[in-house]
Amino acid sequence: KELSSAVNVLQLFISSPKPVLRYAAVRTLNKVAIQYPAAVTACNVDLETLITDSNRSIATLAITTLLKTGNEAGVDRLMKQISSFLSEISDQFKTVVVDAIKSLCQKFPRKHTVLMTFLANMLREEGGYEYKKAIVNTIISIVEENPEAKEAGLAHLCEFIEDCEHTSLATRILHLLGREGPRTTTPAKYIRYIYNRVILENAPVRAAAVSALAKFGAASEELLPNILVLLHRTTLDQDDEVR
């Protein structure tokens, strides 16, 4: 009851014409939602109006609060609302949104398709290393925690490494493909993406790609002859580590 009374007062502040009061209210609700999300759901309609707030800090807090308090049925609508807002905020705020989406994936695993498609679209946009790393980490955690999401997640990551400028992210994804790819229903479809890295990338990424290819060959007698042909070509690589 005490919490309910406090939330009711904060709900009034959400509609305040003063940005400082709106910010204080939504920041407090954001913290309350971590431990008592059900207590904040009564404010969801008001919080949705803050998504378009001219103050991006307020809008970001509103979104991350909604991601904590929303129900499974409202995930699709919430993702549509957020997508129009993302282009207007900095990488730092986007990273906060990604972390909130990660929590939502754990809360509603059946919504993995919608949420991972949203994350994949974020990966295609311009952004710095920390922002991209947060998205990749989130997709990888979904792949590892939700078997139903594995193949879709790997497909999104394969697409990302086709045009990835960050060596550490590319090598991490290649190691993941080497571990998880051979255990999927059609492991052969990942070979092209991995071998492209052998042809087009720098030495550390080429070495990670060779290691991933070897794991596919070790796990599948059917793929082994083709893998051996590809690996034989890499023995001519100019880098010692790759050879």
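Contact, a word that helps with everything below, means heavy atoms within 4.5 Å. This is a predicted model, so local features need pLDDT of at least 70, side-chain atom pairs count only at pLDDT 80 or more, and totals for chains, interfaces and linings use all residues. Residues are numbered from 1 along each chain as its sequence is written, and side-chain values use heavy atoms, with hydrogens and water left out. Welcome to a chain with 14 helices and zero strands.

**The whole chain**

- Helices (H or I, at least four residues) and strands (E, at least two) are DSSP runs, numbered from the N terminus.
- Taken along the principal axes, the box filled by the C-alpha atoms is roughly 70 × 30 × 25 Å.
- Of the 243 residues, 49% count as buried, where buried means under 20% relative accessible area, exposed over 50%, and partly exposed in between (1.4 Å probe, protein chains only).
- Among contacts with a separation of 6 or more, 63% come from residues 24 or more positions apart.

**Helix H5**

- Helix H5 covers residues 56–69, which makes 14 residues.
- From first C-alpha to last, H5 reaches 20 Å, close to the 20 Å expected at 1.5 Å a residue; the expected span is 1.5 Å times one less than the number of residues.
- Twelve of the 14 residues of H5 are buried, so this helix is largely enclosed by the rest of the structure.
- The buried residues of H5 include Arg56, Ile58 and Leu61.
- Packed against the buried residues of H5 are helices H2 (19–35), H3 (37–40), H4 (44–49), H6 (75–86) and H7 (91–107).
- At the start of H5, the backbone nitrogen of Ser57 lies within 2.9 Å of a side-chain oxygen of Asn55.

**Helix H9**

- Helix H9 (residues 129–145) has 17 residues and spans 24 Å from first C-alpha to last, close to the 24 Å expected.
- Tyr131, Lys132 and Ile135 are among the buried residues of H9.
- The neighbours that the buried residues of H9 pack against are H7, H8 (112–124), H10 (150–161) and H11 (167–180).

**A look at Glu159**

- Glu159 sits in helix H10.
- With a relative accessible area of 40%, Glu159 is partly exposed.
- The side chains of Glu159 and Arg124 make a polar contact at 2.8 Å; a polar contact is a pair of N or O atoms within 3.5 Å, and within protein one must be able to donate a hydrogen and the other to accept it, while residues adjacent in sequence count only if both atoms are side-chain atoms.
- Glu159 and Arg77 are 82 residues apart in sequence, and their C-alpha atoms are 26 Å apart in space.
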